[in-house]
Amino acid sequence: MSFEKQRVTVLGSTGSIGVNTLDVIARHPERFEVFALSAATQTDLMLAQCAQFKPQYAVMASEPHARLLAEKIKANQLPVQILWAQDALEMIASHELVDTVMAAIVGAAGLGPCMAAAKSGKRLLLANKEALVVGGEVFMRAVREGGARLLPIDSEHSAIFQSLPEDPAVWPRRIEKIMLTSSGGPFRARDPATLCDVTPEQACVHPNFSMGRKISVDSATMMNKALEVIEAKYLFGVVPEQIEVVIHPQQIIHSMVQFHDASVMAQLGTPDMRVPIAYGLSWPERIESGTARLDFARMAAMTFEVPDFQRFPCLPLAWESLRAPSGTCVVLNAANEVAVAAFLDRQIRFDHIHRVNHATLEAVALSQVTDIESLLALDEQARRMAVQIAGKLEA
Ligand code: NAD
Ligand code: MG
């Protein structure tokens with residue numbers, strides 16, 4: 001069989017999702033070609049990736065890092081063009097030679113290149129959940145108008161996507177409920193009274209995955225699941241009442257869809273992000289992902305629990321925000337990005353993350369956002385407020 005090679009841009013190639021994406025791509029040199037890579041600061045890993053994948057472009061977040069990388073690229077005589085900053089990210093996400101964009105930058109910083117890929121009709125593999133949480137309807141409109149194909153990479157949303165019929169037009173008639181599974185994070189069974197003592201190192205140890213620091217903290221507060229509830233609403237066109245969260249510590253079932261006849265479809269597998277990444281890259285086909293197969297004979301029990309909103313007060317903010325004006329999700333995400341950064345910097349306590357999120361939602365006037373300008377203005381305003389609120393708390 002012969003294939004037209006897919007040309008891929010990987011945004012955030014030095015991160016956990018980026019590295020896993022390149023691992024899957026390297027298994028299929030006959031199918032994929034790397035067009036461009038991007039990273040914030042890690043020039044050594046970027047150099048190694050450029051040597052292996054020979055992209056046309058490598059984009060760093062700032063000029064000093066781009067210059068540092070350019071010296072190394074020159075010393076190694078690699079034919080890679082080095083660029084930096086937002087315009088360059090948007091260029092490699094929308095370039096006419098690109099078929100597929102893996103969006104694996106962390107945070108709302110990834111919104112610009114995601115919008116560029118959406119507007120130019122790319123196959124957009126979305127790991128960067130914050131971009132959709134912040135972009136909401138504005139993002140989805142760009143996907144529709146640009147004729148892009150949005151494929152979820154978050155394992156839960158990939159599981160739901162894999163459990164649904166191929167034609168999205170029938171989803172509203174079929175879906176009764178979406179059930180997002182969650183590991184419960186590292187503090188599922190910890191005494192809530194001791195959450196004030198959690199260190200960044202403890203919060204970044206996830207039971208089943210090795211992930212970036214921001215999503216690791218989000219998993220520990222369950223804010224990650226809150227972001228995923230919001231993400232699910234936009235991806236699958238359901239109302240907040242149709243989304244439920246169930247704790248499943250073994251992470252064998254990656255999420256489920258309940259249909260109107262009471263039937264439930266689930267996707268199962270070893271917890272490894274290369275499965276949803278390979279599915280996004282190859283959809284509607286399937287390719288080898290390099291992941292260990294499930295061994296049912298040796299599998300321990302699968303258990304399920306209802307999440308405790310007292311222990312995880314960030315989680316209910318998802319439904320509350322979805323019922324409020326659309327800008328509320330922008331404010332929630334901005335506050336959380338500020339709070340997590342402050343916690344990782346040891347400026348605030350772990351249990352203060354929720355306080356910053358909650359207080360910022362109370363302090364900022366929540367409005368409807370219908371375009372990218374009003375959305376970015378609200379994001380900035382919420383960040384300023386969250387910094388002020390976090391500054392009044394003590395570590
Ligand atoms: P990470 O921190 O490991 O990697 C982030 C990548 O983005 C790095 O390459 C970094 O250099 C780049 N980056 C960071 N800030 C940037 C900026 N301001 N401008 C440009 N580039 C920037 O994070 P990750 O764990 O790979 O997660 C990436 C995204 O995927 C997040 O949105 C996360 O929620 C989502 N996600 C991750 C996992 C996982 O298992 N790691 C699972 C599901 C979803
Ligand atoms: Mg997930």
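Visitor: How does the lining of the largest cavity divide by class?
Guide: This is a predicted model, in which local features need pLDDT of at least 70, side-chain atom pairs count only at pLDDT 80 or more, and totals for chains, interfaces and linings use all residues; side-chain values use heavy atoms, with hydrogens and water left out. Residues are numbered from 1 along each chain as its sequence is written, while chains are lettered from A and ligands numbered from 1 in the order in which they are written. Ala, Val, Leu, Ile, Met, Phe, Trp, Tyr, Cys and Pro count as nonpolar, Asp, Glu, Lys and Arg as charged, and the others, Gly among them, as polar. By these classes, the lining of the largest cavity holds 5 nonpolar, 6 polar and 1 charged residues.

Visitor: What space lies in the largest cavity?
Guide: On a 1 Å grid over the protein atoms alone, a cavity is a set of points where a 1.4 Å probe fits but cannot get out, and lining residues have an atom within 4 Å of a point. Points are joined across faces, edges and corners, and a volume is the space filled by probe spheres set on them. The count comes to 2 cavities of 30 Å³ or more, and the space in the largest is about 70 Å³.

Visitor: Which element gives the largest share of the lining of the largest cavity?
Guide: Helices (H or I, at least four residues) and strands (E, at least two) are DSSP runs, numbered from the N terminus. Both α7 (155–163) and α12 (274–282) supply at least two residues of this lining. The largest share, 4 residues, comes from α7.

Visitor: Which elements give two or more residues to the lining of the second largest cavity?
Guide: The second largest cavity has a volume of about 30 Å³. Among the residues that line it are Ser155, Thr181 and His254. The elements that contribute two or more residues are α7, β8 (175–182) and β10 (253–259).

Visitor: Which residues lie nearest the centre of the second largest pocket?
Guide: A pocket is an open set of points with protein on both sides within 12 Å along at least five of seven lines. The volume of the second largest pocket is about 410 Å³, and its lining divides into 12 nonpolar, 1 polar and 4 charged residues. Of the 17 residues that line this pocket, the nearest to its centre are Met140, Trp171, Tyr234, Leu235 and Phe236.

Visitor: How much of the area of ligand 1 does the protein bury?
Guide: A polar contact is a pair of N or O atoms within 3.5 Å. Oxygen atoms of ligand 1 lie 2.8 Å from a polar side-chain atom of Thr14, 3.1 Å from a polar backbone atom of Gly15 and 2.9 Å from a polar backbone atom of Ile17. Accessible areas come from the Shrake-Rupley method with a 1.4 Å probe. Taken alone, ligand 1 exposes 830 Å², of which the protein buries 85%.

Visitor: What is the phi of Ser255?
Guide: Most residues other than glycine have a negative phi, and most peptide bonds are trans. Ser255 is found in strand β10. Although Ser255 is not a glycine, its phi is positive, at about 155°.

Visitor: What is omega for the peptide bond that joins Trp283 and Pro284?
Guide: Pro284 lies in the loop between α12 and α13 (317–323). The bond that joins Trp283 and Pro284 is cis, with omega about 5°.

Notes
A polar contact is a pair of N or O atoms within 3.5 Å; within protein, one must be able to donate a hydrogen and the other to accept it, and residues adjacent in sequence count only if both atoms are side-chain atoms.
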